[in-house]
Amino acid sequence: MHYWSKHYIPTLKESPAEAEIDSHKLLLRAGLVRKIGSGMYAFLPLGSKALENVTRICREEMEKAGAMEVLMPAIVPADYWKAGPRWNVAREIMYQVSSAGEGAEAPEEPQFVLGPTHEEIITPLIGGEASSYRDMGKTFFQVQTKFRNEIRPRYGLMRAREFIMKDGYSFDATDEEATETYKRMAKAYEGFFGRCGLKFISVEADTGVMGGAFSHEFMVPADVGDDDVVYNLESGYAANVEKATSGLVPDDFQDAAPAGEVEKFETPGVTTIAGLAKAPYEVPAEAQFKTLVFIGDDKPFVVVLRGCDELEEAKLGSLGYQLARPATPEEIESLLGAKPGSLGVAKGTIKDRTAIDGIYADEAIRLIGNGVTGANEDGFHLRNVSVQRDLDIDRFGDFRKVKAGEPCPRSGKPLEIQRAIEVGHIFKLGTKYSENEQYGAIFVDKDGNRQPAVMGCYGIGISRTLQSVIEQCHDGNGIVWPWSVAPYQILITVLDPGVEEADSLALRLGEVAEAEGASVLVDDRAERPGVKFKDADLIGIPLRLTIGGRGLKNGEIEMKWRHESDVQKIAIADAEATLREAIKSKAQD
Ligand code: ATP
Ligand code: MG
């Protein structure tokens, strides 16, 4: 039992200007965290308790799923990362550290990095010792501080430079066993987020720089999220927009036949889709080809979309370039022969076709049939351009961002889109990290053959999950903690502290609650009742007992759930039993 007067709960009446979203405001106002620097937060006592609860639930679910806890260093030799497959991509987000020797300059190349995730460490750690199939079938996890040099840290704990992650890694002998492990971890994730009181959905996700076979994200629907989830409730289809596809182009779609000869026409000063859609041209965006030029690992490539569609950048990952960036106007002119605004991939119009590594088209351009594209000559476009006859395309694929209303790939019903916060992410990695002989995880299988372990990795943003709980569970007065995560489960508000009868009743009920396994905070401050009730709502403890005032004289106390509006009056004689019942009802949830 803890007493508020001896506690440190610095509640704030006003939201600090730095906080933009409700959960961030409440983290600060309820005295859970304080900002130390951009993306760096200190957890105060209440925040620390809530964080500990989230962590404990996570540990329990991981252990139930058979994962074993380890703890790796957060600062690691850069060589581990350099030996792995993604140093060049990942180094941008890593804090790199060098320590100068005595009297010496710090070396140019970093000696150490602060870990943003730990595939590069655990693969050689476990792989270096695991030698036979008997060592396979193991899953490890840790709960650890991670560091990422986020370009734009924001929303408090949501996107921080230092945050707490549960990261897990599995090693299996066969692909089937790895898939089973993946499914078991997905179940554990559902258990974890459910026990944290979160409404969430699991969605198909892009594998990104992590690589690997497939992946799912666990998403908390919220308007302040950074991700878009595409879904159809009826069919159960749900995917991150980075990965989502639609049935816009039916399987049996017949491409239109060419319609007339290609014609060049003058479009002086028109350099946008919107410009060409207006008079005198009036070519709807749906009938225009949009031509985008990129440089992938020093090689130029082109992506063609419908004028009305947006590129989904994550989908460029399927092209196999490690790093891709938009080409500069100069690069574009030297490759295609025109400045952006008059570009196209009609055969014979591309200035330096041989320099281009690949021309990729989104499959939806097939719906255009015959349309308008840039002539690769400033101020000119081409009409009657047939996708099949005239465009110089190496490969069709899925590159556009799916829009709400497009047909669900499973049911054909309209897709919906919702903003969401990514709280967890699991990957079936396959052998991307394990297959390297020197550094990977190779074992000898039952038949005596050397094989790379089939790996999976599993992340949960522990601190982001905590804030997501607040984002989902609050009202205009403050946090409404779920029982499982609440820093204290029961608040006993003593209206006249110092009155012996009130104090001793608070103590007795507090002991009863603790004996039932609940955690208890007693508000014994010499504050007005109004102040105490406001603070109680703000810090959001699920069950409040109020002792004192007129009630005490009438032989009653009050009981109120934070998530309900009515207050129950309970005879002091029944208080212990009622309290026990209330706690039992929660423990069963
Ligand atoms: P995001 O897309 O939000 O940047 P990510 O996909 O890079 O996240 P993962 O590498 O999948 O993140 O990391 C596992 C989990 O760690 C994420 O699901 C998220 O909950 C959490 N996480 C990642 N970056 C941050 C951050 N900067 N601050 C707080 N939590 C984070
Ligand atoms: Mg992720």
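The following questions and answers concern the two ligand sites of a predicted model.

Student: Which residues come nearest to ligand 1?

Tutor: There are 14 residues around ligand 1. Those that come nearest are Arg-148, Glu-150, Arg-159, Ala-160 and Glu-422.

Student: Which residue has a polar side-chain atom 3.0 Å from an oxygen atom of ligand 1?

Tutor: A polar contact requires a pair of N or O atoms within 3.5 Å. The side chain of Glu-150 places a polar atom 2.8 Å from a nitrogen atom of ligand 1, and an N or O atom in the side chain of Arg-159 is 2.8 Å from an oxygen atom of the ligand. At 3.0 Å from an oxygen atom of ligand 1, the residue asked for is Arg-464.

Student: How much of the accessible area of ligand 1 does the protein cover?

Tutor: On its own, ligand 1 has 580 Å² of accessible area.

Student: Which element gives the most to the shell around ligand 1?

Tutor: Two elements give two or more residues to this shell, namely strand S9 (162-172) and strand S22 (416-430). With four residues, the element that gives the most is S22.

Student: Is His-425, which coordinates the magnesium ion, buried or exposed?

Tutor: The magnesium ion (ligand 2) is coordinated by OE of Glu-422 and ND1 of His-425, at 2.2 to 2.4 Å. A residue counts as buried under 20% relative accessible area. Because the relative accessible area of His-425 is 12%, this residue is buried.

Technical notes:
Residues are numbered from 1 along each chain as its sequence is written. Chains are lettered from A and ligands numbered from 1 in the order in which they are written. This is a predicted model: local features need pLDDT of at least 70, side-chain atom pairs count only at pLDDT 80 or more; totals for chains, interfaces and linings use all residues. Side-chain values use heavy atoms; hydrogens and water are left out. A residue is near a molecule or strand if one of its heavy atoms lies within 4 Å of it. A polar contact is a pair of N or O atoms within 3.5 Å; within protein, one must be able to donate a hydrogen and the other to accept it, and residues adjacent in sequence count only if both atoms are side-chain atoms. Accessible areas come from the Shrake-Rupley method with a 1.4 Å probe; for residues, only the protein chains shown count as cover. Donors are N, O and S atoms within 2.8 Å of the metal (3.2 Å for Na, K and Ca); water is not among the atoms, so sites may look incomplete. Buried means under 20% relative accessible area, exposed over 50%, partly exposed in between (1.4 Å probe, protein chains only).
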